[in-house]
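Have the sequence and the structure open as you read.

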Amino acid sequence: MAFDLSAIVWGMMAMLCLVTGLAAWRMLRGPTSADRFVAFDMLTAVAVAFSALIAVASGRSGFLDVALVLSLVNFVATAAFALFLERKTRS
Amino acid sequence: MTVLGLILMGAGVLFLLVAAIGLVRLPDALQRMHSATKAGTLGTALVILGAMLTGEVARPQSGLLAIIFLLVTLPLGAQLLGRATYVARTPLEGLEDDPLAEDEGSGLTRK
């Protein structure tokens, strides 16, 4: 192979660290709680992408299962947050 | 095949970066959700697809399942969160005249 695959994947992970930083800034800053939940949604999407990249870098296919489970947990968490936000304003 | 996978992963990471920039720069909660959901879903799905195509992973089938679940659940979650954002009276940019809030039958009591 002419290029180093894992070095490129590590570079992509460094870029995803920047993405995580930007989303975390919005989560800390976010004027309303809706902003924080949107940032949380984005952070779990980034975590799914991270685990897919780690699966390539380490060659362990178990990390793709981690990505699958994270995407399921992400949906349940978002639905629960939305319900919480709606109930909080209704009552 | 490896090169194709790398290109897809790079494109996915770029989409995620654009989504994060939109998350920081856009003015209100629903616009931020627009950026995070659409570009974020596409970026994550592209990264997983690229990871499956590189051939480094021994058992890539669960990646396909993860992509299907992402494509089904992320827009659904964003729809729920968007509705909750509207109902919770989050201040929205450029929304002075809002006929939906005055409609008693809509069930979305904003005022």
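## A crossing between the chains

Helix 2 of chain A passes helix 1 of chain B in a left-handed crossing. This is a predicted model, so keep that in mind throughout. The two helices, with helix 1 of chain B covering residues 2–25, pack at an angle of about 165 degrees, and their axes are 11 Å apart. That angle is over 145 degrees, which makes helix 2 of chain A roughly antiparallel to helix 1 of chain B.

Who does the touching? On the chain A side, Ala39(A), Met42(A), Val46(A) and Ala49(A) of helix 2 make the contact. They meet Gly12(B), Leu16(B), Ala19(B), Ala20(B) and Leu23(B) of helix 1 of chain B. As a reminder, residues three or four places apart on an α-helix point the same way, because there are 3.6 residues a turn.

## The wider contact

Zooming out, the contact between the chains takes 43 residues from chain A and 48 residues from chain B. On the side of chain A that touches chain B, helix 1 (5–29), helix 2 and helix 3 of chain A each supply at least two residues. Which of them gives the most? That's helix 2 of chain A, with 15 residues.

## Helix 3 of chain B

Next up is helix 3 of chain B, which runs over residues 61–87. Its 27 residues reach 40 Å from first C-alpha to last, close to the 39 Å expected at 1.5 Å a residue. Even so, helix 3 of chain B bends by about 25 degrees at Leu70(B). Leu70(B) is also one of the buried residues of this helix.

The other buried residues of helix 3 of chain B include Ser62(B), Gly63(B), Ala66(B) and Ile67(B), then Leu74(B), Gly77(B), Ala78(B) and Leu81(B), and towards the end Ala84(B), Thr85(B) and Tyr86(B). What covers them? The cover includes helix 2 (33–58) and helix 3 (62–90) of chain A, along with helix 2 (29–53) of chain B.

## After the helix

Helix 3 of chain B is followed by Arg89(B), whose phi is positive, near 60 degrees. Leu92(B) sits in the loop between helix 3 and helix 4 (99–102) of chain B.

Leaving aside neighbours within four places in sequence, Leu92(B) is in contact with Asp28(B) and Leu30(B). Leu92(B) and Ala29(B) are 63 residues apart in sequence, yet 7.2 Å apart in space, C-alpha to C-alpha.

Notes. Residues numbered from 1 in each chain as written. Chains lettered and ligands numbered in written order. Predicted model: local features only at pLDDT ≥ 70, side-chain atom pairs only at ≥ 80, totals over all residues. Helix = DSSP H or I, 4+ residues; strand = E, 2+ residues; numbered from the N terminus. Expected span 1.5 Å × (residues − 1). Bend = angle between axes of the 7 residues up to and from the residue. Buried ≥ 20, exposed ≤ 12 C-beta atoms within 10 Å, placed from the backbone. Contact = placed C-beta atoms within 7 Å. Axes fitted to C-alpha atoms, helices over the stretch in contact; angles between N-to-C directions. Parallel < 35°, antiparallel > 145°, perpendicular 65-115°, else oblique. Left-handed = near helix turned anticlockwise from the far one by under 90°.
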